Amino acid sequence: MPIHVSLDRVLLDRSITLTDLADRVGLTLANLSVLKTNKARAIRFSTLDALCRELRCQPGDLLEWTPAGDDEPCVDELEEIVP
Amino acid sequence: MKAIGERSISSLIGFSLDAAWYLVLICLTLLSVVLIAGFCVELEGKNLTMDLPVAVELNAPVHSGAAAIDTDARIGKLRGSLRFPVRNGAFFAGSMILILIFFGALLWALTQLRHIFRSLSRGLFFIPENARRIRWVGFTVIFGELARAALTYYWSYYTSLHFTANGLRFIASTDISGVTLVVGFAILVIAEVFREGARLQEDHSLTI
């Protein structure tokens, strides 16, 4: 799926656990795990609204588009890893 | 009659499927016993008969009732069954094996239907397994009908070679049912509907 959900990165930045977030947005932990592990097929606007409200972020902070088949890291990322 | 619960249409269908499954299993067991007995016991003179489908060609004119006025109608072909005493041999064994295969396929199709019905009772409607089972039932209906028609032709051909009767001429003929084939294809279409439904169900369950 070309759309990736960067929920784990935002949770880390906000120091919130997945369980806390599940309680705040009214989703089950299982569903939130499906979202976090990029196994979800679609996301409702109401869910996106609840996540952005609790995490105080924009939808673009949570969702990232990667062209299909483009799994290779870009050159800039490689230069960061290998100085 | 209620739709679900005790004494409902659903429970009646479930009961009918279970009853049919056990009935076919009993017939399959009895036929297996007869087949094995055919290898071990001399069957001639045991009052055991078998009916074969036959087709008889006639060219008899038809008259109208009591007035006996000639009409333009003629009897062309009649279908019936020929009952004859069973004898040990390749024909009997081969026929029994083919009938066993038919009953085995019927039992297998009923098993798939029971599995589908059990999943419906658990609230699992559109799952890939049900789509696959319905597709198999559809193929069983189609190929079962083709095989039955081929077997009917073989038996009538055998009869035409080995039996004669006064004023009758046995001919090799088959009676393939187009309606049954259409029903088989309809079941395949329903299987595709279930396959698409399973896909939509999965999409729905993975929509957060």
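Predicted model: local features only at pLDDT ≥ 70, side-chain atom pairs only at ≥ 80, totals over all residues.

Q: How many salt bridges does the rule find across the interface of chain B and chain A?

A: The rule finds two salt bridges there. In one of them, B:D203 pairs with A:R41, and the closest N and O atoms are 2.4 Å apart. B:E202 also forms a salt bridge with A:R41, at 3.4 Å from N to O. Because B:E202 lies in helix 4 (residues 178-205) of chain B, while A:R41 lies in the loop between helix 3 (29-36) and helix 4 (45-55) of chain A, this pair joins two chains.

Q: What else can be counted between chain B and chain A, in terms of residue pairs in polar contact?

A: Seven residue pairs are in polar contact between chain B and chain A, counting those with both residues at pLDDT 80 or more.

Q: Let us turn to chain B itself. How does the span of helix 1 of chain B agree with its number of residues?

A: Helix 1 of chain B runs over residues 9-40, and at 1.5 Å a residue its 32 residues should span 46 Å; the end C-alpha atoms are 47 Å apart, which agrees.

Q: Which residues of helix 1 of chain B are buried, and what do they pack against?

A: The general idea is that an α-helix has 3.6 residues a turn, so residues three or four places apart point the same way. In this case the buried residues are B:G14, B:L17, B:W21, B:V24, B:L28, B:L31, B:L35 and B:G38, and the buried residues of this helix pack against helix 2 (90-121) of chain B.

Q: Is B:R114 buried or exposed, and which residues does it touch?

A: B:R114, which is found in helix 2 of chain B, is buried, because its relative accessible area of 13% falls under the 20% cut-off. Leaving aside residues up to four places away in sequence, B:R114 touches B:L17, B:D18, B:W21 and B:Y22. The side chains of B:R114 and B:D18 also meet in a salt bridge, at 2.7 Å from N to O. Since B:R114 lies in helix 2 of chain B and B:D18 in helix 1 of chain B, the pair ties together parts that are 96 residues apart in sequence. B:D18, for its part, is partly exposed, with a relative accessible area of 31%.

Q: Where do B:R148 and B:E145 lie?

A: Both are in helix 3 (residues 128-162) of chain B, where, being three residues apart, they are separated by about one helical turn. B:R148 counts as partly exposed at 28% relative accessibility, whereas B:E145 counts as buried at 6%.

Q: Which residues do salt bridges that share partners join into one network?

A: The network consists of A:R41, B:E196, B:R199, B:E202 and B:D203. Over all chains, a search of the whole structure finds twelve salt bridges.

Terms used:
Residues numbered from 1 in each chain as written. Chains lettered and ligands numbered in written order. Heavy atoms only, no water. Salt bridge = Lys/Arg side-chain N within 4 Å of Asp/Glu carboxyl O. Polar contact = N/O pair within 3.5 Å; in protein donor to acceptor, adjacent residues only side chain to side chain. Helix = DSSP H or I, 4+ residues; strand = E, 2+ residues; numbered from the N terminus. Expected span 1.5 Å × (residues − 1). Buried < 20%, exposed > 50% of the residue type's maximum accessible area, 1.4 Å probe, protein only. Contact = heavy atoms within 4.5 Å.
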